[in-house]
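Biologist: Could you pick one part of this model and take a close look at it with me? I would then like to hear how the rest of the chain is laid out.

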Amino acid sequence: MDVQHKLDELRRMVQSARSVPLSASCLVNRTELLAGLDEAQRMFPEEFETARKVAAERDAIVAEGRAEADRLVAEARRERAELVERTDIHREARAAADELTAKAQEEAEGLRREVDDYIDGKLAGFEIALQKTLTSVALGREELRGRDPNARRGGDGPKSPAEVDEYVEAKLGKFEQSLRRTLDSVTRGRERLRDRSGLDDSFAGGDPDGPPLPGERAD
């Protein structure tokens, strides 16, 4: 017997008890009623435990149902994606997108090559100009070294010609070193450009009368 049946039994006991005349009271056996109430009270913990188990089972069933629903939704989405991929419209759209992507990449590559080619041409002209300046500086230094150190210059300047030549020689030497470093940087930059874009070396020999580039031997 559960607690509900026990309470119904006690209710029937009260309903069937003899009434007291001219009042709402009735006569019941106190011992029997208290014993019934004690028994019902002892049943409550058991009923609570049963209710807790039922609630736990309900939560587990709900969680399982949700997991199954999620699985079914995911499977439906996957099947829908597969169906879409099988359609001609999807295949045509993908082919068009691939074609556009390839064309854009080809145009970008061509544009980059044109830019690199333009920069390489400008650097080649600058490289040749630097080499010509270096040649002029080297010729000037050789001319200075060939002068007679005992020669006297006109005027009453504070320095002798030899001292002036030594000063100019030192300045030209530093200028020549600076030019050579700049020329080396330009040459390395052009080499990287040509390696990256596969440019030819047409600008290196573009000026047949120009001086040889670094690393080239003059004829």
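Modeller: Gladly! Let's begin at L22, whose place is in the loop between β1 (18-19) and β2 (26-27). Strands here are DSSP runs of E with at least two residues and helices are runs of H or I with at least four, numbered from the N terminus. Please keep in mind that this is a predicted model, in which local features need pLDDT of at least 70 and side-chain atom pairs count only at pLDDT 80 or more, while totals for chains, interfaces and linings use all residues. Residues are numbered from 1 along each chain as its sequence is written, and side-chain values use heavy atoms, with hydrogens and water left out.

Most residues other than glycine have a negative phi. L22 counts as exposed because its relative accessibility is 92%. The cut-offs are under 20% relative accessible area for buried, over 50% for exposed, and partly exposed in between, using a 1.4 Å probe and protein chains only.

Now step back to the whole chain. It has four helices and two strands, and from the N terminus on they run α-β-β-α-α-α. Of its 219 residues, 17% are buried. The accessible surface comes to about 17,200 Å², with 54% of it belonging to carbon and sulfur atoms; such areas come from the Shrake-Rupley method with a 1.4 Å probe, and for residues only the protein chains shown count as cover.

Next comes helix α2 (residues 30-86). Its 57 residues should span 84 Å at 1.5 Å a residue, and this agrees with the 83 Å between its end C-alpha atoms; the expected span is 1.5 Å times one less than the number of residues. There is a kink of about 30° at F44, shortly before the proline P45. That bend is the angle between axes fitted to the seven residues ending there and the seven starting there. G36, A40 and M43 are the buried residues of α2. Their cover includes α1 (3-15), where contact means heavy atoms within 4.5 Å.

Helix α3 (residues 88-145) contains Y118. At 55% relative accessibility, Y118 counts as exposed. Together with L111, V115 and I119, Y118 makes a nonpolar surface patch of about 390 Å².

The structure holds 15 salt bridges, each being a side-chain nitrogen of Lys or Arg within 4 Å of a carboxyl oxygen of Asp or Glu. One of them joins R91 and D88, with the closest N and O atoms 2.2 Å apart. R91 and D88 both lie in α3, three residues apart, about one turn of the helix. R91 counts as partly exposed, at 43% relative accessibility.

Another salt bridge joins D120 and R190, whose closest N and O atoms are 2.7 Å apart. This pair links distant parts of the chain, since D120 is in α3 and R190 is in helix α4 (residues 161-197), 70 residues apart. D120 and R190 are buried.

E169 and R141 also meet through their side chains in a salt bridge, at 2.6 Å from N to O. Here again distant parts of the chain are linked: E169 belongs to α4 and R141 to α3, 28 residues apart. E169 is buried at 18% relative accessible area, and R141 counts as buried at 17%. Salt bridges that share partners tie R141, E169, E176 and R180 into one network.

Finally, α4 itself. Its 37 residues should span 54 Å at 1.5 Å a residue, which agrees with the 53 Å between its end C-alpha atoms. G173 lies in α4 and is buried, with a relative accessible area of 8%. G173 and A138 are 35 residues apart in sequence, with 8.5 Å from C-alpha to C-alpha in space. After α4 comes G198, whose phi is positive, near 65°.

Methods. Patches are made of residues with over 30% relative accessible area and no salt bridge: like charges are joined within 9 Å, nonpolar side chains (Val, Leu, Ile, Met, Phe, Trp, Tyr) within 5 Å.
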